[in-house]
Amino acid sequence: MKKEKKMTLTLPAEELMACGHLACQGCGATLAMRYMLKALGQKTALCIPACCWAVIDGPYPYSSLDVPIYHCAFETAASTATGVKAGLEMTGDSETAVVAWAGDGGTFDIGLQALSGAAERNEDIIYVCYDNEAYMNTGIQRSSATPYGAWTTTTPVKHFKTRPKKDIVAIMAAHRIPYIATASISHPEDFVKKMRKAKDIKGTRFFHVYAPCPTGWKSRPEDTVKLARMAVQNAYFPLYEIEDGDKVTLNLKLKDKKPVNDYIRIQGRFRHLTEAQVASIQAEVDARWERLLKNCAA
Amino acid sequence: MREKKAKKIVFNSAEEMPIMIASVGSQTHNLTGAWRNIRPEVDRTKCLQCGICWKFCPEPSIDIVDEWPVVDYDYCKGCGICAEECPAKCIVMVEERK
(Lines give C-alpha, C1' and ligand atoms only; values in the text may rest on other atoms or scores of the structure.)
Protein backbone atom coordinates (compact mmCIF):
# COMPACT_ATOMS: atom_id res chain seq x y z
CA MET A 1 0.00 0.00 0.00
CA LYS A 2 2.55 2.54 1.12
CA LYS A 3 6.16 2.60 2.11
CA GLU A 4 6.94 1.75 5.70
CA LYS A 5 6.91 4.72 7.98
CA LYS A 6 7.33 4.85 11.72
CA MET A 7 4.69 6.90 13.42
CA THR A 8 6.13 9.42 15.85
CA LEU A 9 3.77 10.91 18.37
CA THR A 10 4.76 14.34 19.64
CA LEU A 11 2.81 13.94 22.88
CA PRO A 12 2.96 11.27 25.60
CA ALA A 13 0.77 8.31 24.63
CA GLU A 14 -0.61 7.88 28.15
CA GLU A 15 -4.31 8.73 28.16
CA LEU A 16 -5.77 9.75 31.51
CA MET A 17 -8.99 11.21 30.12
CA ALA A 18 -11.55 8.60 29.14
CA CYS A 19 -14.27 8.81 26.51
CA GLY A 20 -17.88 9.35 27.47
CA HIS A 21 -17.53 12.76 29.07
CA LEU A 22 -20.26 15.36 28.69
CA ALA A 23 -18.50 18.17 26.81
CA CYS A 24 -20.06 19.82 23.78
CA GLN A 25 -18.82 18.87 20.33
CA GLY A 26 -15.46 20.47 19.64
CA CYS A 27 -14.84 21.60 23.22
CA GLY A 28 -11.50 23.32 23.80
CA ALA A 29 -11.46 22.77 27.56
CA THR A 30 -11.34 18.96 27.19
CA LEU A 31 -8.26 19.28 25.00
CA ALA A 32 -6.62 21.46 27.65
CA MET A 33 -7.35 18.85 30.35
CA ARG A 34 -6.10 16.04 28.13
CA TYR A 35 -2.76 17.76 27.50
CA MET A 36 -2.32 18.73 31.13
CA LEU A 37 -2.86 15.14 32.33
CA LYS A 38 -0.50 13.87 29.63
CA ALA A 39 2.17 16.21 31.00
CA LEU A 40 1.61 15.59 34.72
CA GLY A 41 0.77 11.87 34.68
CA GLN A 42 -1.17 9.79 37.16
CA LYS A 43 0.29 11.39 40.29
CA THR A 44 -2.04 14.38 40.17
CA ALA A 45 -4.93 15.56 42.32
CA LEU A 46 -7.47 17.96 40.86
CA CYS A 47 -9.57 20.59 42.61
CA ILE A 48 -12.38 21.72 40.34
CA PRO A 49 -14.72 24.57 41.31
CA ALA A 50 -17.99 25.24 39.51
CA CYS A 51 -16.99 25.57 35.87
CA CYS A 52 -17.55 23.66 32.65
CA TRP A 53 -15.32 20.86 33.84
CA ALA A 54 -17.49 20.25 36.90
CA VAL A 55 -20.16 19.15 34.41
CA ILE A 56 -17.97 17.58 31.72
CA ASP A 57 -16.47 15.16 34.21
CA GLY A 58 -19.83 13.43 34.73
CA PRO A 59 -22.40 13.14 37.50
CA TYR A 60 -21.35 11.74 40.88
CA PRO A 61 -20.15 9.03 41.43
CA TYR A 62 -18.98 8.62 37.83
CA SER A 63 -15.92 10.31 36.42
CA SER A 64 -14.15 10.43 33.11
CA LEU A 65 -10.74 11.17 34.56
CA ASP A 66 -8.27 8.71 36.04
CA VAL A 67 -7.08 11.07 38.77
CA PRO A 68 -8.74 12.03 42.08
CA ILE A 69 -11.04 15.02 41.83
CA TYR A 70 -12.29 17.32 44.55
CA HIS A 71 -15.34 19.37 43.56
CA CYS A 72 -15.24 22.57 45.58
CA ALA A 73 -17.20 25.80 45.83
CA PHE A 74 -16.86 28.43 43.10
CA GLU A 75 -14.55 30.85 44.89
CA THR A 76 -12.30 28.33 46.65
CA ALA A 77 -10.27 26.55 43.94
CA ALA A 78 -6.90 27.91 45.15
CA SER A 79 -7.62 27.54 48.86
CA THR A 80 -8.96 23.98 48.41
CA ALA A 81 -5.83 23.05 46.48
CA THR A 82 -3.77 24.59 49.28
CA GLY A 83 -5.57 22.37 51.80
CA VAL A 84 -5.23 19.24 49.68
CA LYS A 85 -1.51 19.91 49.28
CA ALA A 86 -1.09 20.47 53.03
CA GLY A 87 -2.94 17.21 53.70
CA LEU A 88 -0.73 15.29 51.31
CA GLU A 89 2.37 16.82 52.91
CA MET A 90 1.15 15.60 56.30
CA THR A 91 0.93 12.03 54.99
CA GLY A 92 4.45 12.33 53.61
CA ASP A 93 3.47 12.58 49.95
CA SER A 94 5.40 15.42 48.40
CA GLU A 95 5.37 13.92 44.91
CA THR A 96 1.72 14.38 43.93
CA ALA A 97 1.05 17.56 41.99
CA VAL A 98 -2.05 19.37 43.22
CA VAL A 99 -3.82 21.25 40.46
CA ALA A 100 -6.59 23.80 40.84
CA TRP A 101 -8.44 23.68 37.55
CA ALA A 102 -10.79 26.63 37.14
CA GLY A 103 -12.52 28.39 34.32
CA ASP A 104 -12.22 32.08 33.64
CA GLY A 105 -15.15 32.99 35.88
CA GLY A 106 -13.63 31.08 38.80
CA THR A 107 -10.29 32.79 38.23
CA PHE A 108 -10.85 36.31 36.92
CA ASP A 109 -13.94 37.15 38.97
CA ILE A 110 -15.07 34.86 41.76
CA GLY A 111 -11.89 32.98 42.67
CA LEU A 112 -9.55 35.95 42.46
CA GLN A 113 -9.15 36.61 46.16
CA ALA A 114 -8.47 32.94 46.99
CA LEU A 115 -5.98 32.80 44.14
CA SER A 116 -4.34 36.03 45.23
CA GLY A 117 -4.07 34.74 48.80
CA ALA A 118 -2.54 31.44 47.71
CA ALA A 119 -0.11 33.23 45.40
CA GLU A 120 0.91 35.64 48.13
CA ARG A 121 1.64 32.73 50.49
CA ASN A 122 3.41 31.00 47.56
CA GLU A 123 1.57 27.74 48.16
CA ASP A 124 2.98 24.74 46.31
CA ILE A 125 0.13 24.31 43.81
CA ILE A 126 -0.42 24.54 40.07
CA TYR A 127 -3.32 26.81 39.18
CA VAL A 128 -4.67 26.35 35.68
CA CYS A 129 -7.23 28.77 34.29
CA TYR A 130 -8.77 27.55 31.04
CA ASP A 131 -10.18 30.64 29.47
CA ASN A 132 -13.28 30.43 27.27
CA GLU A 133 -14.06 34.10 27.80
CA ALA A 134 -17.49 33.89 29.50
CA TYR A 135 -19.50 31.82 32.00
CA MET A 136 -20.21 29.14 29.39
CA ASN A 137 -21.44 26.52 31.83
CA THR A 138 -24.37 28.56 33.14
CA GLY A 139 -25.42 29.97 29.77
CA ILE A 140 -22.81 32.34 28.29
CA GLN A 141 -22.87 35.26 30.75
CA ARG A 142 -20.26 37.99 30.57
CA SER A 143 -17.18 37.59 32.76
CA SER A 144 -14.23 39.93 33.18
CA ALA A 145 -12.37 37.68 30.72
CA THR A 146 -14.85 38.49 27.95
CA PRO A 147 -13.05 40.59 25.34
CA TYR A 148 -14.16 43.92 23.93
CA GLY A 149 -17.07 43.70 21.51
CA ALA A 150 -18.19 40.18 22.33
CA TRP A 151 -21.80 39.17 22.47
CA THR A 152 -22.98 37.23 25.52
CA THR A 153 -26.47 36.70 26.92
CA THR A 154 -25.88 39.49 29.46
CA THR A 155 -24.16 41.78 26.95
CA PRO A 156 -26.54 41.55 23.98
CA VAL A 157 -25.68 42.99 20.58
CA LYS A 158 -27.20 46.40 21.36
CA HIS A 159 -25.14 46.71 24.53
CA PHE A 160 -22.08 44.61 23.78
CA LYS A 161 -19.13 44.64 26.13
CA THR A 162 -17.16 47.86 25.81
CA ARG A 163 -14.46 47.19 28.37
CA PRO A 164 -11.31 45.21 27.49
CA LYS A 165 -10.37 41.86 28.99
CA LYS A 166 -8.70 41.79 32.39
CA ASP A 167 -4.96 41.09 32.16
CA ILE A 168 -4.79 38.21 34.62
CA VAL A 169 -1.19 37.34 33.77
CA ALA A 170 -0.03 40.83 34.78
CA ILE A 171 -2.00 40.52 38.02
CA MET A 172 -0.29 37.22 38.78
CA ALA A 173 3.12 38.60 37.76
CA ALA A 174 2.62 41.35 40.32
CA HIS A 175 2.45 38.62 43.00
CA ARG A 176 6.01 37.60 42.00
CA ILE A 177 5.22 33.88 41.94
CA PRO A 178 7.91 31.56 40.53
CA TYR A 179 6.24 30.60 37.28
CA ILE A 180 3.48 31.95 35.06
CA ALA A 181 2.77 30.77 31.54
CA THR A 182 0.18 31.21 28.85
CA ALA A 183 -0.66 28.22 26.68
CA SER A 184 -2.99 27.43 23.84
CA ILE A 185 -4.70 24.19 22.88
CA SER A 186 -3.46 24.69 19.32
CA HIS A 187 0.16 24.30 20.48
CA PRO A 188 0.00 21.15 22.66
CA GLU A 189 3.76 20.42 22.49
CA ASP A 190 4.48 23.86 23.91
CA PHE A 191 1.79 23.36 26.59
CA VAL A 192 3.14 19.94 27.63
CA LYS A 193 6.71 21.26 27.70
CA LYS A 194 5.77 24.19 29.94
CA MET A 195 3.61 22.02 32.20
CA ARG A 196 6.53 19.61 32.70
CA LYS A 197 8.80 22.52 33.47
CA ALA A 198 6.27 23.83 36.00
CA LYS A 199 6.01 20.42 37.66
CA ASP A 200 9.64 20.64 38.82
CA ILE A 201 9.29 24.17 40.21
CA LYS A 202 8.26 24.65 43.83
CA GLY A 203 5.75 27.36 44.67
CA THR A 204 2.61 28.70 43.03
CA ARG A 205 2.56 28.13 39.30
CA PHE A 206 -0.11 29.78 37.19
CA PHE A 207 -1.26 28.75 33.71
CA HIS A 208 -3.55 30.74 31.48
CA VAL A 209 -4.82 28.36 28.80
CA TYR A 210 -6.79 29.55 25.81
CA ALA A 211 -9.71 27.17 25.20
CA PRO A 212 -12.21 28.19 22.50
CA CYS A 213 -15.87 27.32 23.08
CA PRO A 214 -17.93 26.72 19.91
CA THR A 215 -21.20 26.98 21.84
CA GLY A 216 -20.51 30.35 23.40
CA TRP A 217 -18.45 31.85 20.61
CA LYS A 218 -21.02 30.83 17.98
CA SER A 219 -18.31 29.28 15.85
CA ARG A 220 -18.27 25.95 14.03
CA PRO A 221 -17.12 23.05 16.26
CA GLU A 222 -14.44 22.04 13.73
CA ASP A 223 -12.87 25.51 13.97
CA THR A 224 -11.92 25.17 17.67
CA VAL A 225 -8.24 24.40 17.10
CA LYS A 226 -8.08 26.76 14.13
CA LEU A 227 -9.43 29.65 16.24
CA ALA A 228 -6.91 28.99 18.99
CA ARG A 229 -4.10 28.90 16.43
CA MET A 230 -5.28 32.12 14.79
CA ALA A 231 -5.40 33.84 18.19
CA VAL A 232 -1.78 32.88 18.76
CA GLN A 233 -0.64 33.91 15.29
CA ASN A 234 -2.26 37.33 15.34
CA ALA A 235 -0.97 38.09 18.86
CA TYR A 236 -4.48 38.17 20.29
CA PHE A 237 -3.25 35.54 22.75
CA PRO A 238 0.58 35.43 22.65
CA LEU A 239 2.45 32.50 24.18
CA TYR A 240 4.97 33.54 26.81
CA GLU A 241 6.17 32.64 30.28
CA ILE A 242 7.18 34.78 33.25
CA GLU A 243 9.64 33.54 35.84
CA ASP A 244 9.87 35.15 39.31
CA GLY A 245 7.63 37.99 38.24
CA ASP A 246 9.99 39.76 35.86
CA LYS A 247 11.87 37.44 33.49
CA VAL A 248 9.59 37.34 30.45
CA THR A 249 10.31 34.81 27.70
CA LEU A 250 8.41 34.72 24.43
CA ASN A 251 7.73 31.11 23.40
CA LEU A 252 6.54 31.78 19.88
CA LYS A 253 8.12 34.62 18.00
CA LEU A 254 5.85 35.99 15.29
CA LYS A 255 7.62 37.04 12.12
CA ASP A 256 4.58 38.30 10.27
CA LYS A 257 1.73 39.05 12.61
CA LYS A 258 -1.61 38.28 10.97
CA PRO A 259 -4.53 40.73 11.15
CA VAL A 260 -7.24 40.01 13.73
CA ASN A 261 -10.01 40.53 11.18
CA ASP A 262 -10.06 36.89 9.95
CA TYR A 263 -10.18 35.66 13.54
CA ILE A 264 -13.02 38.02 14.46
CA ARG A 265 -15.12 37.32 11.39
CA ILE A 266 -15.49 33.55 11.81
CA GLN A 267 -17.03 33.96 15.26
CA GLY A 268 -20.73 34.67 15.58
CA ARG A 269 -20.27 36.56 18.84
CA PHE A 270 -18.42 39.35 16.96
CA ARG A 271 -20.77 39.44 13.97
CA HIS A 272 -22.21 42.87 14.82
CA LEU A 273 -18.85 44.68 14.92
CA THR A 274 -18.20 47.37 12.33
CA GLU A 275 -14.90 47.87 10.50
CA ALA A 276 -13.96 50.73 12.83
CA GLN A 277 -14.58 48.59 15.90
CA VAL A 278 -12.44 45.77 14.49
CA ALA A 279 -9.72 48.37 13.79
CA SER A 280 -9.86 49.43 17.44
CA ILE A 281 -9.43 45.79 18.50
CA GLN A 282 -6.44 45.56 16.15
CA ALA A 283 -4.93 48.72 17.69
CA GLU A 284 -5.40 47.31 21.19
CA VAL A 285 -3.82 43.96 20.21
CA ASP A 286 -0.88 45.79 18.60
CA ALA A 287 -0.34 47.92 21.68
CA ARG A 288 -0.44 44.82 23.92
CA TRP A 289 2.06 43.05 21.65
CA GLU A 290 4.46 46.03 21.65
CA ARG A 291 4.26 46.15 25.44
CA LEU A 292 5.04 42.43 25.64
CA LEU A 293 8.04 42.77 23.31
CA LYS A 294 9.35 45.63 25.44
CA ASN A 295 8.94 43.51 28.59
CA CYS A 296 10.83 40.64 26.93
CA ALA A 297 13.72 42.91 26.02
CA ALA A 298 13.92 44.44 29.49
CA MET B 1 -5.05 1.19 25.43
CA ARG B 2 -7.79 1.70 27.95
CA GLU B 3 -10.47 -0.88 28.36
CA LYS B 4 -13.61 0.82 27.12
CA LYS B 5 -17.35 0.28 27.28
CA ALA B 6 -17.60 -0.27 31.01
CA LYS B 7 -21.01 -1.28 32.29
CA LYS B 8 -22.89 1.38 34.19
CA ILE B 9 -22.56 0.79 37.91
CA VAL B 10 -25.99 1.12 39.48
CA PHE B 11 -26.44 2.03 43.13
CA ASN B 12 -29.76 1.10 44.68
CA SER B 13 -29.48 3.10 47.87
CA ALA B 14 -27.51 5.95 49.32
CA GLU B 15 -25.57 3.51 51.52
CA GLU B 16 -24.16 1.77 48.46
CA MET B 17 -22.75 5.00 47.05
CA PRO B 18 -18.97 5.27 47.33
CA ILE B 19 -17.58 8.12 49.39
CA MET B 20 -15.18 8.99 46.59
CA ILE B 21 -15.84 9.46 42.91
CA ALA B 22 -15.51 6.09 41.17
CA SER B 23 -12.80 6.84 38.68
CA VAL B 24 -10.91 4.85 36.02
CA GLY B 25 -13.26 5.50 33.16
CA SER B 26 -16.50 4.90 35.02
CA GLN B 27 -18.15 7.41 32.72
CA THR B 28 -17.47 5.24 29.64
CA HIS B 29 -20.95 3.70 29.92
CA ASN B 30 -22.13 6.95 28.34
CA LEU B 31 -21.90 6.23 24.62
CA THR B 32 -21.67 9.75 23.24
CA GLY B 33 -21.63 8.51 19.64
CA ALA B 34 -25.40 8.99 19.60
CA TRP B 35 -24.85 12.77 19.51
CA ARG B 36 -23.24 12.59 16.10
CA ASN B 37 -24.87 13.46 12.79
CA ILE B 38 -21.73 13.44 10.65
CA ARG B 39 -19.07 10.76 10.95
CA PRO B 40 -15.36 10.98 10.11
CA GLU B 41 -13.99 8.36 7.74
CA VAL B 42 -10.25 7.85 7.30
CA ASP B 43 -8.93 7.15 3.80
CA ARG B 44 -5.83 5.05 4.43
CA THR B 45 -4.45 5.47 0.91
CA LYS B 46 -3.96 9.20 1.55
CA CYS B 47 -3.13 9.05 5.27
CA LEU B 48 0.33 10.35 6.20
CA GLN B 49 0.27 8.70 9.66
CA CYS B 50 1.22 11.98 11.30
CA GLY B 51 -1.03 11.52 14.34
CA ILE B 52 -2.47 15.03 14.19
CA CYS B 53 -6.07 13.74 14.31
CA TRP B 54 -5.20 11.76 17.44
CA LYS B 55 -3.53 14.82 18.94
CA PHE B 56 -6.48 17.14 18.49
CA CYS B 57 -9.38 14.77 19.25
CA PRO B 58 -11.25 16.22 22.24
CA GLU B 59 -12.98 12.95 23.15
CA PRO B 60 -10.39 11.26 22.72
CA SER B 61 -12.07 8.77 20.41
CA ILE B 62 -9.25 8.36 17.87
CA ASP B 63 -6.85 5.58 18.85
CA ILE B 64 -3.60 4.66 17.22
CA VAL B 65 -3.83 0.96 16.32
CA ASP B 66 -0.82 -0.49 14.48
CA GLU B 67 0.28 3.03 13.59
CA TRP B 68 -3.03 3.87 11.91
CA PRO B 69 -5.69 6.21 13.31
CA VAL B 70 -8.88 4.32 14.14
CA VAL B 71 -12.04 6.21 15.05
CA ASP B 72 -14.15 4.77 17.85
CA TYR B 73 -17.68 5.45 16.63
CA ASP B 74 -19.18 4.57 20.02
CA TYR B 75 -17.83 7.83 21.40
CA CYS B 76 -17.07 10.15 18.46
CA LYS B 77 -19.36 13.18 18.73
CA GLY B 78 -18.67 14.22 15.16
CA CYS B 79 -17.16 17.63 15.84
CA GLY B 80 -14.99 17.48 12.71
CA ILE B 81 -11.76 18.82 14.21
CA CYS B 82 -9.87 15.79 12.81
CA ALA B 83 -11.10 16.47 9.27
CA GLU B 84 -10.30 20.18 9.59
CA GLU B 85 -6.80 19.67 10.98
CA CYS B 86 -5.73 16.72 8.77
CA PRO B 87 -2.83 17.99 6.63
CA ALA B 88 -3.48 15.40 3.88
CA LYS B 89 -7.25 15.98 3.99
CA CYS B 90 -7.74 12.21 4.15
CA ILE B 91 -10.56 12.38 6.71
CA VAL B 92 -13.96 13.23 5.27
CA MET B 93 -17.11 13.88 7.24
CA VAL B 94 -19.92 11.68 5.92
CA GLU B 95 -23.55 12.21 6.79
CA GLU B 96 -24.84 9.66 9.24
CA ARG B 97 -27.67 7.46 7.95
CA LYS B 98 -29.91 5.24 9.97
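Reading a predicted two-chain model

Student: What pattern does chain B follow when read along the sequence?
Tutor: In this predicted model, chain B runs β-α-β-β-α-β. That makes two helices and four strands.

Student: How much of chain B is buried, and what makes a residue buried?
Tutor: The cut-off is 20 or more other C-beta atoms within 10 Å of the residue's own. Of the 98 residues in chain B, 36% are buried.

Student: What is the predictor's confidence in chain B?
Tutor: On a scale from 0 to 100, the mean pLDDT of chain B is 85. A value of 70 or more is reached by 89% of its residues. The model itself scores ipTM 0.89 and pTM 0.92.

Student: Which residues of chain A touch chain B, and of what class are they?
Tutor: Chain A brings 35 residues to the contact and chain B brings 37. In chain A, helices α1 (28-40) and α9 (224-233) each supply at least two residues of that side. By class, the chain A side has 18 nonpolar, ten polar and seven charged residues.

Student: Which residues have the most contacts inside the largest nonpolar core?
Tutor: This core has 108 residues, and those with the most contacts inside it are A29(A), A32(A), A100(A), V128(A) and V209(A). Helix α1(A) gives the most to the core, with nine residues. Leaving out residues up to four places away in sequence, V209(A) touches A32(A), V128(A), C129(A), Y130(A), D131(A), A183(A) and I185(A).

Student: How do you know that the length of helix α3 of chain A agrees with its number of residues?
Tutor: Helix α3 (residues 77-90) has 14 residues, so at 1.5 Å a residue it should span 20 Å. The end C-alpha atoms are 20 Å apart, which agrees.

Student: Which residues of α3(A) are buried, and what covers them?
Tutor: The buried residues include A77(A), A78(A), T82(A), V84(A) and K85(A). Among the elements of chain A that cover the buried residues of α3(A) are β1 (44-48), β3 (97-103) and α5 (112-121).

Student: What follows α3(A)?
Tutor: G92(A) follows α3(A), and its phi is positive, near 85 degrees.

Technical notes. Residues numbered from 1 in each chain as written. Chains lettered and ligands numbered in written order. Predicted model: local features only at pLDDT ≥ 70, side-chain atom pairs only at ≥ 80, totals over all residues. Contact = placed C-beta atoms within 7 Å. Nonpolar A, V, L, I, M, F, W, Y, C, P; charged D, E, K, R; others polar. Buried ≥ 20, exposed ≤ 12 C-beta atoms within 10 Å, placed from the backbone. Core = buried A, V, L, I, M, F, W, Y, C linked by C-beta atoms within 7 Å. Expected span 1.5 Å × (residues − 1).
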